[in-house]
Each structure stands twice: as C-alpha cells, then as structure tokens.
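Good morning, and thank you for coming. Please look first at the sequence and the model, and then I shall go through a few of the features in turn.

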Amino acid sequence: MSFDQRTAEPRTARAPGRPWRPADTPLADGRLEPAAGDRYVAVDRIDGTVVTLAVAPWPLVDGATGRLDFGPVRNRVTRTATADRLQRRVDQDRAERGQLRRPLRVGDVFLVRGLAGPPSRWAAVVDLTRASRLAAKAALFATAAPAPLRDELRTYGLDRRAAGVVRTTDDEPSDPEEPPPGPIAYPAI
Amino acid sequence: MARPIPLPAKRHVAGDFVAATADADLVYFVCNVGDADAQLVLLPKSPVSGFRRVVVVDAGKPGKLPPLLNALIVAGLVAPDGHPDAVGSIPLIVATHPHQDHIEGMAEVIDSFAGGRIAEFWDPGYWHTIDSYHDTMAAIARQSQIVYAQPTSGFRRWIGLAAITVLSPSVQLRNRFDTYGTEINDASISLRIEAPAIRAFRDPDGNRMVRFDSSRLILGADAQTLSWSYVLNDFPFLAATTTEQGRMLDVGSGTDVLRTNVLKVSHHGSKHGVNLELVERMSPDLTLISSVPEGGTYGFPHEVAQEVIREALQSTTSGQRRKSDARLSIFYTSDTTDDPGRLALGSIGVILRRGVWSLWRFGDKASQQIDLAKGRLWTR
C-alpha cells in the first residue's frame, strides 16, 4: 500500500524548449547568446591532479516541468582535464569578465564554447556556478518538496503573492484570482 | 595500482546460480561497470508472496541494472509485471552520492520500473550540478509514490526479514552540504544490511525475541577517512558484560555493528577510502572491490588501500608470508582468469547463507549485460 508523495510530473517532452538563461548571468541580459555546440561542463570530481568533467549539451528548460533538459544521454560524455591547465583557462576567463579568481571546486559549472582539445584551446569559458548550484537545489526540492497545488494554497489561506516564495514567469497570468490549473512547482525553477 | 593476479580458470565451475539460492539467503550483486558502482541486493524470499524484493545501491552506468532486474523477474525470483507483489518489489533505491560514476544510470533504472514497483529512494541530499543529478531528480518526480528521503547515520529500516542500518553520513557532515563544506565522497550513504535480522515471534504467552545466524553486508560507497571517523564514533565496539549482574538483567550483551561477512570496499579501493582500524573492526570474510583492469583514470585500487586490507585480514607482524588476495578472499570486478586470453570474470554474485558466502562470476565486460545462465562458482 502506498500513497502519493507528490503529483507526478509529466515525462519530458522533446518539443523544443527554451535554452536555459539563468538569472544574473550574461545569458540572462543578452550579453551572451547560447549557441549550437555550447556545452554545460560541470566539475564532477577532483582526484589529485585529475579533474573529471560531466559534459552535456547546453540544456533547455522543459516548459512542462521547469526542469533542465540535457537531451539524450548519448550526446553526453565524461572528460578529464589536468587540474592546473583547467585552472589556468578558467582563471583567464574569470579575469576577462571581472569574476573572482578562486580554486576549482567540485560542482563548478561552465558554459564552454568550442570544446575540443585541451582547455587552452576552448573558445570561451563562462563561469555559471552559482546559477547552476541554485538550479540543482531547485531540482531536488521540486522532487522532494514541490509546492502545494493552487487550490491547496487557497485552502491554506495563501496565494502565491502572499506566500512570497514563488518566482513568477512571464507567461503566467498576472491575476492570482484566476490561476491556471495544476501544480505551481513546475514553473518555479 | 596493483593489478589483480589472474585467478585459476579451473576453479570456476559452471552451475545454476538461480537454483543455488535458498529462500532465506541474502543475494548480492556487484556489477562490473568499470570505474563505477552498481549493486543489487536480493532480500530473502517472502514466505507470503514467494518472491524476493530488491534493493538497488547505485547505478553508475546505464544498461546494466535494468537487464539484470528483468532477468531476475524472468527467473521467478522477483514478482513479474501484473502480479500484486510487483508493487513495492523494489522497496529501496539508494544513490549513495551524486558522482557521475554512481548515478549515471539511475534515471534509467527508475524509468524502467514504473507501475509502483519502486517504493523509496534515498540519497544524501547533496545537490550536485551534473546532468545525471537533474535526470535522477526528474525521474523520481515522474512517479508519485516514491518516498524521497535523506537518511543519516543510525537510521534503521526493516524490510521483510532484513534490517538496513545507515552507517554514514553523520548528520554533522550532512549539515555542511549546503556550503559544500563536505567532500562529496564523504557525503556517501554507507549501509549495513543484515538478514535475517533479529525478530520477535508472536506468542500468546508473551512475544519472544529470536536471533538468527544472519548474514551481513557492509556497502562502503565512496566514504573516505573523515566519514569513517564519524562511523567509528557513532558505532562503537561494545564489549560484552560478563558479570553475574549483567547476565541476570540480560544487559550488556555486547555487539559490534561493524562486524560483517561481506565488505564492498569504499571508493574502488582509493587510498582515502579505508584504514587499518576500520577494516579490522569489520573483519570481513569476503572483500569485494569494484575496479577496472588497468586502474582506469584514477589508478584505483591504490596499493596503499590493498595493503591496508590485506594487513587487516592477515597481520604480518609475526613475519609470516603474505597470502594471495584470493586466499584472503579479496576479489575485484576486474579479475581475469589465468587463461592465455585473460578472460574477464566480471560481475560478482554472492550468495550468503547464515553468514557463509559462495561467490559466482558472470564473465561479463563492463559494457555487457549479466547473463545469469553463465554463472560460474568459485571453488575454494
């Protein structure tokens, strides 16, 4: 016997979503446009001088769930890089963008353009760690603790504005009295 | 990295792995997935349903666990689709920590077994930025019934005849995740699985506790020195009280939760994964290491870790000659035979009966599925 822990999310539709443009990054304000071939590169692990990178196509935002969609697994790879070489390449990019120089850490994420060969030959490396960490956290909470359904919020005497915790998106109605049906967790990422 | 010494082919005897399992046995698979981890535990057969239930611990590569699980269903060990006992037949999936080599195939496992088969999912709560982590969270969210939990040390869950105890991470480590103040390997959920666990027999004259000759597994995930230091604190060795007063009150009977029959060595035999005192406390009868033949990218298993394990199993302070890994019952998923072709021995299946193990090999490469019909029994 079991009972529902959450409202089941729909399976990701492969319909074209929008490229992920996280807030407070060059992708959000148009300084950088996602391009075909851009890669989402996450530092998976650091073992001594070896850095393991999880490399995926730049994600789309699934319109149905708000989750990041990295596409088919066959298009993703794991690569390794020498720590000092990757550090130099990242430092170079950070200096050009006025970002804090700091040691590489597990969980760091970069948009990499022209990913081929060693890091020194990559065309561009943009540090998006903060936004990516927030997205990973949102991925967890959207599973473990999705927001209540809209009618449940009403029952609790809350609406989205009163709760003050749910970020709205442009395509949602502005009138909280006439919300669309369905859970509100999905567009909340 | 010290490459495992090839094992005599003649000591691997063809047999019927499925037929070799008895109802109360604990059955454990360490899959050959290269430089990654994928494990499956078959709990003892339910006397009511006649089927076993499955605990999955990590899915480091796609394409390995779903075919194995389907093979176990076809073999009649796990309830088939449509059978009432199929619901909840995977009572627990554990992602020990969100490194790619532990969760790359996790979304595939979850998606492959819908329809209420999966009851519960544990991970340490360490949110990682890699794509597989997002995939895993999305796959759970697609199934409304899956309980999601983040256990820490001391948490205990009973499933049928088995008891599962979480050894790590300590809550002290868990509370540092949000600042990334914990090394991701030290976030690992390590587990102790015991079956049959102590039971209470219902008796109209008063229920009675019964302790069985049980089988014990410790699955070390990728926990490293810091995490194990908390484990050693959280699970101290308690000496038995031998006083008359103690016996009269039936207290202080003493136990060592870390004592085990089978140890799956943490972190593929990384030098940071085990230490001498820890392995001495565990004192495993059988030690298993998931690794690749040439050490892979990271040179696992490290000779330091190998020597620590060997020393714990056979102290050489007396000057005696070191036994071989096989004689110490240390086995690797990267083991090969001593044939000229050096055939891969591949995935490991362990049948544990009252704490006594038998070891089976399936001859699969990391990229191949496990064929239960190809099981060969290691003869000691």
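I begin with Thr155(A), which is found in helix α3 of chain A, residues 150-155. Helices here are DSSP runs of H or I with at least four residues, strands are runs of E with at least two, and both are numbered from the N terminus. This is a predicted model, in which local features need pLDDT of at least 70 and side-chain atom pairs count only at pLDDT 80 or more, while totals for chains, interfaces and linings use all residues. Residues are numbered from 1 along each chain as its sequence is written, chains are lettered from A and ligands numbered from 1 in the order in which they are written, and side-chain values use heavy atoms, with hydrogens and water left out.

Is Thr155(A) buried or exposed? At 65% relative accessibility, Thr155(A) counts as exposed. Buried means under 20% relative accessible area, exposed means over 50%, and partly exposed lies in between, with a 1.4 Å probe and protein chains only. From Thr155(A) to Arg76(A) there are 79 residues in sequence and 44 Å in space, C-alpha to C-alpha.

A salt bridge is a side-chain nitrogen of Lys or Arg within 4 Å of a carboxyl oxygen of Asp or Glu. Side chains of opposite charge can pair when their charged atoms come close. Across the interface of chain A and chain B, the rule finds four salt bridges.

Which elements of chain A give two or more residues to the side that touches chain B? They are β2 (39-47), β3 (50-57), β6 (77-82) and α2 (129-144) of chain A. The largest share, ten residues, comes from α2(A). By class, this side of chain A has 19 nonpolar, ten polar and 13 charged residues. Here Ala, Val, Leu, Ile, Met, Phe, Trp, Tyr, Cys and Pro count as nonpolar, Asp, Glu, Lys and Arg as charged, and the others, Gly among them, as polar.

The contact, meaning heavy atoms within 4.5 Å, takes 42 residues from chain A and 36 residues from chain B. The size of an interface is often given as the accessible area lost when the parts come together. Chain A and chain B bury about 3300 Å² between them, 54% of it on carbon and sulfur atoms. Buried area is the accessible area (1.4 Å probe) that two parts lose on being put together, summed over both.

**Salt bridges within chain B**

Over all chains, the structure holds 33 salt bridges. One of them joins the side chains of Asp111(B) and Arg142(B), at 2.9 Å from N to O. Asp111(B) lies in helix α4 (residues 106-112) of chain B and Arg142(B) in the loop between α5 (131-141) and β7 (147-149) of chain B, so the pair ties together parts that are 31 residues apart in sequence. Asp111(B) is partly exposed, at 27% relative accessibility, and Arg142(B) is buried, at 17%.

Another salt bridge pairs Glu307(B) with Arg310(B), at 2.8 Å from N to O. The two residues are three apart in helix α10 (residues 303-313) of chain B, and are therefore separated by about one helical turn. Glu307(B) is partly exposed, with a relative accessible area of 36%, whereas Arg310(B) is buried, with 12%. Salt bridges that share partners join Glu307(B), Arg310(B), Glu311(B), Arg322(B) and Asp325(B) into one network.

**The nonpolar interior**

A nonpolar core is a set of buried Ala, Val, Leu, Ile, Met, Phe, Trp, Tyr and Cys residues joined through side-chain atoms within 4.5 Å. The largest has 68 residues, and those with the most contacts inside it are Phe29(B) and Phe121(B). A second, separate core of 33 residues includes Ile164(B), Leu191(B), Ile193(B) and Trp378(B).

Why is helix α2 (residues 65-74) of chain B said to be largely enclosed by the rest of the structure? The reason is that seven of its ten residues are buried. Leu68(B) and Leu72(B) are among them, and both are in contact with Phe29(B). The buried residues of α2(B) pack against β2 (26-30), β3 (38-42), β4 (54-59) and α4 of chain B. After α2(B) comes Gly76(B), whose phi is positive, near 85°.

Note on methods: Lists of a residue's contacts leave out its neighbours within four places in sequence.
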